Amino acid sequence: MTNSQKAKKYGASSDTRGGADPRAARPARRGQHVHEMPNGALRAEPGKASSAAIVVGAALIIGIAIWAYYTFVVLPGFSAAAAGGMPVPEMQLNGVDQQYMTQFSRALGETGLADYTGVHATTGLFAPLLFALGMVLFFGLNTPERALKWSFWLVALAYAVVFVVGNRTLEAAVATPEDASLVAAASGLVMARWALLAAVVVVALIVNVMIVRRKLNDFAEGKLPGQRPRA
């Protein structure tokens, strides 16, 4: 068969000398495996870390703001409006006794007790949960050691649990102030709440010190973003 007949039968791209198409001889390109990548190809991007820090910072600020609003605005306002200015039991750092609970129950009345329960079911529920969430995210982002991280998380979570359970116990104690055991349980949970809050603050200070020390070490070693590594 002549070359012209071959071209007519197999197409003009066929090799007139009977060889294969040069393009078909090229090996197919495959993806590059992780272990084949050069050093530094998988370097962490500072932008992603900064994005995570922004999200965590926003959650922390929101949690603290709602907690402060509930503690310093909602509860004092409720005391003035529904309890004749008598402070709510959860604001007593040293707890309350049965006499205090009885006086508070009388100052509230049935309508005030319903409002007290409503405050706990709304702002009083979101405040500890969002506060603890912000702290958990903050501790998790800035504590590299797993065991230490879990210890910090437990402090924040314990605060939220004691806060919510304490509110429910306070409602029951205000409804039945003659129950001495219930009043004692509510008083103990109030004191535990403030003690755990102090523990959360201490942990937050420890984490901040860890952050500062890590930044100083990175600065000394020239590892900060935009900083030239030192020889």
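The model is predicted. Helices α4 (residues 123-142) and α5 (residues 146-175) pack against each other with their axes 9 Å apart. The largest nonpolar core has 41 residues, and Phe139 is among those with the most contacts inside it.

**Helices α4 and α5**

- The angle between α4 and α5 is about 180 degrees; angles over 145 degrees count as roughly antiparallel, and the two helices are therefore roughly antiparallel to each other.
- On the α4 side the contact includes Leu125, Pro128, Phe131, Met135 and Phe139, and on the α5 side it includes Lys149, Phe152, Trp153, Ala156 and Phe163.
- By class, this contact of α4 with α5 has 16 nonpolar, three polar and one charged residues.

**Helix α4 by itself**

- Helix α4 has 20 residues and spans 28 Å from its first C-alpha to its last, close to the 28 Å expected.
- Its buried residues include Gly124, Ala127, Phe131, Phe138, Phe139 and Asn142.

**The largest nonpolar core**

- Phe104, Tyr116 and Phe139 have the most contacts inside this core.
- Two or more residues each come from α2, α3 (98-121), α4, α5 and α6 (180-220).
- Helix α6 gives the largest share, ten residues.
- Beyond its neighbours within four places in sequence, Phe139 is in contact with Lys149, Phe152, Trp153, Ala156, Val200, Val203, Ala204 and Val207.

**Ser79**

- Ser79 lies in helix α2 (residues 46-82).
- With a relative accessible area of 6%, Ser79 is buried, the cut-off being under 20%.
- Leaving aside neighbours within four places in sequence, Ser79 is in contact with Gly84, Gly85, Met86, Pro87 and Val88.

Note on methods:
Residues are numbered from 1 along each chain as its sequence is written. This is a predicted model: local features need pLDDT of at least 70, side-chain atom pairs count only at pLDDT 80 or more; totals for chains, interfaces and linings use all residues. Side-chain values use heavy atoms; hydrogens and water are left out. Helices (H or I, at least four residues) and strands (E, at least two) are DSSP runs, numbered from the N terminus. Buried means under 20% relative accessible area, exposed over 50%, partly exposed in between (1.4 Å probe, protein chains only). Contact means heavy atoms within 4.5 Å. Axes are lines fitted to C-alpha atoms, for helices over the stretch in contact, and angles run from 0 to 180 degrees between N-to-C directions. Angles under 35 degrees count as roughly parallel, over 145 as roughly antiparallel, 65 to 115 as roughly perpendicular and the rest as oblique. Ala, Val, Leu, Ile, Met, Phe, Trp, Tyr, Cys and Pro count as nonpolar, Asp, Glu, Lys and Arg as charged, and the others, Gly among them, as polar. The expected span of a helix is 1.5 Å times one less than its number of residues. A nonpolar core is a set of buried Ala, Val, Leu, Ile, Met, Phe, Trp, Tyr and Cys residues joined through side-chain atoms within 4.5 Å.
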